[in-house]
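Let's take a friendly walk through some aromatic contacts. Here is the model to follow along with.

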Amino acid sequence: MKMIYKPQEYRIKDERMKPFIDESEIWEILDSAEPTKENVRAVIQKSLAKNRLSLQETALLLKTEDPELIEEIKAGARTLKENVYGDRIVIFAPLYVGNKCVNNCTYCGFRASNKKQKRTTLNDIQLRSEVKSLEDNGQKRLILVYGEHPMYDADFIADSVRTVYSVKSGSGEIRRVNINAAPLDIEGYKKVKEAGIGTYQIFQETYHREAYAKYHLSGQKSNFDWRLTGLDRAQEALIDDVGIGALFGLYDWKYEVLGLLRHVNHFEACYNVGPHTISFPRIKAASDSTIDPRFEVNDDDFIRLVAILRLAVPYTGLILTARETKELREEVIKLGVSQIDAGTNIQLGGYSEESREEQQLDHEQFEIGDTRSLGEVIDELLDKQYLPSFCTACYRKGRTGEHFMEFSVPGFIKRFCTQNAILTLAEYLEDYATPEQKNKGYKLIDLKVEELNQKDSLKVAPLLDRLEKVKEGERDLYF
Ligand code: SAM
Ligand code: SF4
């Protein structure tokens, strides 16, 4: 089967850019949902058969308060994760390039009116030094993060992407650069696409216009619709790999889950492909920030919402960040997370500093909950028999966009993802692991190769051949 998929030529029409969120429609769906044991169980089964859920079906899960059913929802999410995704966890790191910002998002330490925030934009030397430190740790996938400022225009973002790709340290290199930045115009997206980005990520923060207006006081970001249609413009520029997200804690969490789903539906209807990933950051403490405590999402509800998202969109990647603590991350990963950041340091220039005792909120965006090193996170994943993956093969082989959803192509995971995860883990073990970790990692690799051989009856000779080559020093081998 031919696996190279190309995005279609110019597709979007203005009609599609119309804002698609109708607050009263979402509330009506939530208000009219009446969960029973029967209908909730039927919805879980539908999802376990790998079907997308409708807004109405998801609302039944969201409205469920019966503790027994909530446990069944979580169990369903765990099963779905095992069946669809297996035991791989893709690893990345965020790299903050600049924290100047013209907007005033009340929850964010970078907002323009926060005079305590020390403003920094990494220059070429500093950016290179950050990337080198990340590579020397074993990172292969980055997400570059920027405040919203005229200085951080499309040319600037594209330049920083090119710089990141150009830094090589030993056998270290960054193979995929994703972006989390302000929405651009179509010309701007074309420029950053040219520079070779992976995913363009924009979080809507809240899908409720009135709440949005309360938190986004001034600057370009205060325009809800400009932001909402930001990733449609990306599609028009033929960036078909996009990530959406909501910042949980700004408004009712059940409403936001349906908002995210409505956004997914919009993409599927207009472009025949959903977003590649969904993020669900929770508000954390930030320098001089204010939020509305009524909407705080507690740990139990957070766990619930991730399980419901997993069931609602079985084929979409879910990203869990180091905003959450190690303990909570362990719990939530089981429910269907496919990507996590590790070794995270969100202080401007923080990766190249010798050591860091504690966070300085006046030089970073918010407080993080998991400050472990990449090595520590990998160690824990190995102990729990997860397969840490630094794979970047699909995007580099052009397997993105409309026809490509890694989970929906039968046999895709074992033929590509698992094998590539094994090869990238082996590279990590060869180049960056301690002897104990190397030992532990290869034991897991042996186990996974055996599973592929037995359980999935995959012919593993080509994989073993490449594994041998990695041990001999060849790098960047993938299927
Ligand atoms: N400035 C760009 C923007 O707002 O789109 C780039 C992204 S911003 C630096 C990254 C994301 O961090 C925001 O979209 C928001 O969801 C999240 N964020 C902001 N303040 C936060 C806080 N106090 N706790 C957790 N996440 C926060
Ligand atoms: Fe600026 Fe983004 Fe922070 Fe808003 S969330 S203040 S746009 S950096």
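## Charges over rings

The charged end of Lys471 lies over the ring of Tyr442, 4.7 Å from the ring's centre. Arg466 places its charged end over the ring of Phe479, at 4.0 Å from the centre. Here "over" requires NZ of Lys or CZ of Arg within 6 Å of the ring centre and within 35 degrees of the ring normal.

This is a predicted model, where local features need pLDDT of at least 70 and side-chain atom pairs count only at pLDDT 80 or more, while totals for chains, interfaces and linings use all residues. Residues are numbered from 1 along each chain as its sequence is written, chains are lettered from A and ligands numbered from 1 in the order written, and side-chain values use heavy atoms, leaving out hydrogens and water.

## Aromatic pairs

There are 15 aromatic pairs in the structure. Rings of Phe, Tyr and Trp (its six-membered ring) pair if their centres lie within 6.5 Å; planes under 30 degrees apart are stacked, over 60 edge-to-face, and the rest tilted.

Tyr251 and Phe295 make a tilted pair, because their planes meet at 55°, with centres 5.3 Å apart. This pair joins distant parts of the chain, 44 residues apart: Tyr251 is in the loop between strand E7 (242-246) and helix H11 (253-271), and Phe295 in the loop between strand E8 (277-279) and helix H12 (299-312). Helices (H or I, at least four residues) and strands (E, at least two) are DSSP runs numbered from the N terminus.

Trp27, Tyr251, Tyr255 and Phe295 together form one aromatic cluster.
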